[in-house]
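Hello,

Here is the structure I said I would pass on to you. Have a look at it first, and then read on for what turned up in it.

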Amino acid sequence: MGSEGLQARYINPYTDFAFKLLFGTDLNKEILIGFLNALFYGKQVIKEVTYLNTEHLGSRELDRRAVFDVYCENEKGEKILIEMQKAEQQFFKDRSIFYSTFPIREQAIKGDKWSYELKAVYVIGILNFTFDDTRPDYFHHEVKLIDTHTHEVFYDKLTFVYLEMPKFNKTEQELETLFDKWMFVLKNLSRLMERPAALQERVFTRLFEAAEIAKFSPKKLYEYEESLKVYRDWNNVIDTAIKKGEARGKEEGRLEGRLEGRLEGRLEGRLEEKRVIARNLIKAGLPIPEIETITGLSSDEIKNL
């Protein structure tokens with residue numbers, strides 16, 4: 001095992017550069033297909049994928065823009081959207097739903113002959129955080145529209161898959177399925193100094209070849225260094241902002257509570273905590289939409305800070 005960074009042998013797949021290199025390029029299409037087939041556990045077998053444009057605009061000029069990490073379709077025309085989410089966001093589920101609307105709307109055919117028939121859409125989120133702390137072993141979520149009375153799937157063409165990576169803690173000796181092996185690689189790749197003996201499948205041969213930093217050209221190495229720096233800075237900014245906000249918010253809340261003895265004091269303390277976090281993120285140069293997502297404050301509140 002080695003320390004992460006340029007002393008590491010393999011890239012960190014949580015960086016934008018590395019994730020798109022491994023899963024978003026024609027050169028490494030075999031890696032993406034292998035990952036998807038393992039994820040679907042044989043429910044479907046993907047033989048080919050075609051990469052699609054990752055940048056999407058709404059139907060109107062004022063609509064929000066969406067930029068996907070990886071966006072492709074399989075040989076049946078089904079759309080697959082994959083997102084690597086590095087840090088927890090307050091409305092990440094909402095974001096998933098919002099992103100799913102683009103591959104749905106793009107299937108509309110102009111004219112009178114379209115019958116509204118849709119191809120399946122899959123939204124896959126690889127999360128470097130947890131959103132359900134009540135079940136420490138439940139990390140692979142597959143979500144569909146269901147009938148709440150019968151609990152049967154109402155619509156099987158829209159699927160959301162969320163992988164809570166911090167919850168996956170199997171060692172190399174405990175890996176049983178191909179999916180286990182993929183989860184192990186995604187979580188541990190940048191800390192490995194050699195290819196584990198348990199990962200002998202051909203697809204992992206291709207992955208480890210593509211991920212080896214020593215084989216990068218100077219240009220590719222520079223791009224990875226910059227992406228790694230952004231990833232580290234992002235984590236440090238978020239951690240620092242949250243810690244400062246929590247500390248100040250709690251103190252403000254205790255002070256207000258003692259002085260007023262009312263619920264408003266505690267509420268103001270929590271609001272001040274969000275404001276402090278927002279101020280720190282502003283200083284770090286994060287754009288307002290991302291600060292909105294992290295703090296829950298409106299854009300007007302953030303601008304007034």
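Predicted model: local features only at pLDDT ≥ 70, side-chain atom pairs only at ≥ 80, totals over all residues.

Glu 30 sits in helix α2, and with a relative accessible area of 30% it is partly exposed. In sequence, Glu 30 and Arg 202 are 172 residues apart, while their C-alpha atoms are 9.6 Å apart in space. Setting aside neighbours within four places in sequence, Glu 30 is in contact with Val 203 and Arg 206 as well as Arg 202.

Now for the overall picture. The protein has nine helices and eight strands. Of its 305 residues, 43% are buried. If you take the contacts between residues at least 6 apart in sequence, 59% of them join residues at least 24 apart.

Helix α2 covers residues 29-39. Nine of its eleven residues are buried, so α2 is largely enclosed by the rest of the structure. The buried ones are Lys 29, Ile 31, Leu 32, Ile 33, Gly 34, Phe 35, Leu 36, Ala 38 and Leu 39. Just after α2 comes Tyr 41, with a positive phi of about 50°.

Two other helices are worth looking at as a pair. Helix α4 spans residues 178-188 and helix α5 spans residues 202-211. Two packed helices are described by the angle between their axes and the distance between the axes. For α4 and α5, the axes come within 12 Å and cross at roughly 10°. Angles under 35 degrees count as roughly parallel, so α4 is roughly parallel to α5. On the α4 side, the residues that meet α5 are Leu 178, Lys 181, Trp 182 and Val 185; on the α5 side, their partners are Val 203, Phe 204 and Leu 207. The residues of this contact divide into six nonpolar, one charged and no polar.

How many of the eleven residues of α4 are buried? Ten are, which leaves the helix mostly covered. They are Phe 179, Asp 180, Lys 181, Trp 182, Met 183, Phe 184, Val 185, Leu 186, Lys 187 and Asn 188. These buried residues pack against helices α1, α2 and α5, and also against strands β6, β7 and β8.

In α5, the buried residues are Val 203, Phe 204, Leu 207, Phe 208, Ala 210 and Ala 211. They cover an arc of only 160° around the axis, which puts them on the same side of α5. What covers them includes α1 (16-23), α2 and α4.

Ser 100 is in α3 and counts as buried, at 3% relative accessibility. Not counting residues up to four places away in sequence, Ser 100 touches Val 121, Val 123, Leu 158 and Phe 160. Ser 96 is also found in helix α3, and with a relative accessible area of 6% it is buried. With neighbours up to four places away left out, Ser 96 touches Val 123, Phe 160 and Tyr 162.

Most residues other than glycine have a negative phi, and most peptide bonds are trans. Tyr 116 has a positive phi, near 75°. You will find His 151 in the loop between β7 (140-146) and β8 (153-164), where it counts as exposed at 60% relative accessibility.

Enjoy exploring it, and write back with any questions.

Best wishes

Terms used. Residues numbered from 1 in each chain as written. Heavy atoms only, no water. Axes fitted to C-alpha atoms, helices over the stretch in contact; angles between N-to-C directions. Helix = DSSP H or I, 4+ residues; strand = E, 2+ residues; numbered from the N terminus. Parallel < 35°, antiparallel > 145°, perpendicular 65-115°, else oblique. Contact = heavy atoms within 4.5 Å. Nonpolar A, V, L, I, M, F, W, Y, C, P; charged D, E, K, R; others polar. Buried < 20%, exposed > 50% of the residue type's maximum accessible area, 1.4 Å probe, protein only. Arc of directions from axis to C-beta.
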